[in-house]
Amino acid sequence: MQTTGIEAGDVVCSVALLEDEKVFYELINEGKKIPPSASSIHHITNEMIKDKKPFKMTQVYEVLQKNSTFENTLIAHNVQFDLKKFAVSGLQWQGDVIDTLKVTKHLIKECEQFSLQFLRYELKLYRQEDALKQKYGIKDALCSNNALHDVFVTKLLFEYLLEYATVEKMKELSFQKVLLEKFPFGKYMGKYIEEIVQYDSNYVNWMLSLEDLDEDLKYSLEYYLRG
């Protein structure tokens, strides 16, 4: 999924799905303009979505709605963000979920970052992309942060994680808080949180005062502050 931004009022502007052996990808117009800051990341412009349909009139909506049952599982990187944006556009997902972001944080703690593109290189997932694209009949090159490219990387990441945990275990981990070892961003990015708490607690307390702080980072900062 790609959106017009990350704020509460932002909406979806593209969605890609893999369902069994089928691939779906559509640009979407939910009536909100895409700012340059968002276009610079996913390369979708207002001209590209000008004549596109709203989400509830697309094929990707039909596929999601059809599969929105307790028997099915939606797999995504940072799935809670996707679910919120789907809900804004009128889709309430009823099935299980696996969040590859949460699961990777739990199972591969040594990673310095957990963005999808970082993991693509860190875990050498890119080596399998051509074979996967060929399987689904994709011939064109795909740029990073494109929803279609992201869905392929997410599939490869999910298959990689299967070496560490079962599907059922991943479902559990998707809802459990993660105790992070290192700062994922900021002036101490890559540094151990436990060490920074000892000599720069002011910085840690400042981070805790930030609105919308990642729940895992907040949980980890509070944990190490308590000692």
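**Strand pairing and a charged patch**

Student: In β3, which residue is the bridge partner of Leu 17?

Tutor: The model is a predicted one. Strand β2 covers residues 12-19, and β3 covers 22-27. Within β3, the bridge partner of Leu 17 is Phe 24.

Student: Which residue in β3 stands opposite Leu 18, and how many bridges join β2 to β3?

Tutor: Leu 18 stands opposite Val 23 in β3. The strands β2 and β3 run antiparallel, and the number of bridges joining them is 6.

Student: In the hairpin of β2 and β3, which residue takes a positive phi?

Tutor: This hairpin has 2 residues between the strands. The positive phi, near 55°, belongs to Asp 20.

Student: What is the order of the strands in the open sheet, and which are the edge strands?

Tutor: The sheet is formed by 3 strands with antiparallel pairing, in the order β1-β2-β3. An edge strand here pairs on one side only, and this holds for β1 (2-3) and β3 (22-27). The edge strands are therefore β1 and β3.

Student: Where does Glu 181 lie, and is Glu 181 buried, partly exposed or exposed?

Tutor: Glu 181 forms a negative surface patch with Glu 110, Glu 112 and Glu 122. Glu 181 lies in the loop between α9 (167-173) and α10 (193-199). Buried means under 20% relative accessible area and exposed means over 50%. The relative accessible area of Glu 181 is 32%, so Glu 181 is partly exposed.

Note on methods:
Residues numbered from 1 in each chain as written. Predicted model: local features only at pLDDT ≥ 70, side-chain atom pairs only at ≥ 80, totals over all residues. Heavy atoms only, no water. Patch = residues over 30% accessible without salt bridge, like charges linked within 9 Å, V, L, I, M, F, W, Y side chains within 5 Å. Areas by Shrake-Rupley, 256 points an atom, 1.4 Å probe, with all protein chains shown as cover. Salt bridge = Lys/Arg side-chain N within 4 Å of Asp/Glu carboxyl O. Lys, Arg positive; Asp, Glu negative; His and termini not counted. Charge placed at Lys NZ, Arg CZ, Asp CG, Glu CD. Helix = DSSP H or I, 4+ residues; strand = E, 2+ residues; numbered from the N terminus. Buried < 20%, exposed > 50% of the residue type's maximum accessible area, 1.4 Å probe, protein only.
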